[in-house]
Amino acid sequence: TQGDKAELLRGGTRSVASEWVTELRRTRLRCAVSQKVEAGKSLQEVFKEFDKDQDGDLNAREIQAAFGSIGLDLKDAEAASVMKSMDTDGDGKVNYSEFCAGVEQYGGLRRRKKGGGGG
C-alpha cells in the first residue's frame with residue numbers, strides 16, 4: 001500500500017527493505033545460473049565455475065565474484081547477507097546442495113549430470 005511505501009522510504013522497516021534487496025540479488029544470480037544451464041552447463045559445472053578455490057564450498061569472496069560475473073558489484077556486507085540467506089545449515093559457507101536448492105527455487109531448474117543422456 002501507499003502507507004507501506006512511505007514507511008519504507010522513511011526507513012522504518014529497514015530490515016524488510018534489506019531482505020527485499022537480498023532476494024532481488026539472489027533472483028538475479030538464479031537468472032544468470034538459469035541462462036548457463038539453458039546453454040548446456042550442468043548446475044555442478046556452474047557451481048565449480050563459481051568455486052574458485054575448488055574446496056567444494058562458496059565463501060563470501062566467491063559469492064562476490066559470482067555476482068561480479070553478472071555485472072553486480074556487492075559490498076562485503078551485501079555478499080554476507082546473500083550468503084547467509086543461502087547457507088541453510090549455518091556453517092558460514094554455501095555447499096553444492098545449498099547452491100542447488102537456491103537456484104532450483106527459480107524457474108524449476110533441475111540438476112543435470114554432465115554427460116547424461118543426450119538430445
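Trainee: How many residues does the largest nonpolar core have?

Mentor: The model is a predicted one. Within its largest nonpolar core, the residues with the most contacts include Val 33, Leu 43 and Phe 50, together with Leu 58, Ile 63, Phe 67 and Phe 99. Helices H2, H3, H4, H5 and H6 each supply at least two residues of this core. The core has 21 residues.

Trainee: Which residues of H6 make the contact with H3?

Mentor: The axes of H3 and H6 come within 11 Å and cross at roughly 115 degrees, and the crossing is right-handed. From H3, the contact draws on Leu 43, Gln 44, Val 46, Phe 47 and Phe 50. Its partners on H6 are Tyr 96, Phe 99, Cys 100, Val 103 and Glu 104.

Trainee: By class, how many residues in the contact of H3 with H6 are nonpolar?

Mentor: One residue of this contact is polar and one is charged. The number of nonpolar residues is eight.

Trainee: Which residues does Leu 58 touch, not counting those up to four places away in sequence?

Mentor: Leu 58 is among the core residues with the most contacts inside the core. Beyond its sequence neighbours up to four places away, Leu 58 touches Asp 51, Lys 93, Val 94, Met 83, Ile 63, Phe 47, Phe 50 and Phe 99.

Trainee: Why does Gln 54 count as partly exposed?

Mentor: Gln 54 lies in the loop between H3 and strand S1. Its phi is positive, about 55 degrees, although Gln 54 is not a glycine. Most residues other than glycine have a negative phi. Gln 54 counts as partly exposed because its relative accessibility is 49%.

Definitions and conventions: Residues are numbered from 1 along each chain as its sequence is written. This is a predicted model: local features need pLDDT of at least 70, side-chain atom pairs count only at pLDDT 80 or more; totals for chains, interfaces and linings use all residues. Side-chain values use heavy atoms; hydrogens and water are left out. A nonpolar core is a set of buried Ala, Val, Leu, Ile, Met, Phe, Trp, Tyr and Cys residues joined through side-chain atoms within 4.5 Å. Buried means under 20% relative accessible area, exposed over 50%, partly exposed in between (1.4 Å probe, protein chains only). Helices (H or I, at least four residues) and strands (E, at least two) are DSSP runs, numbered from the N terminus. Contact means heavy atoms within 4.5 Å. Axes are lines fitted to C-alpha atoms, for helices over the stretch in contact, and angles run from 0 to 180 degrees between N-to-C directions. A crossing is left-handed if the near helix is turned anticlockwise from the far one by less than a right angle, and right-handed if clockwise. Ala, Val, Leu, Ile, Met, Phe, Trp, Tyr, Cys and Pro count as nonpolar, Asp, Glu, Lys and Arg as charged, and the others, Gly among them, as polar.
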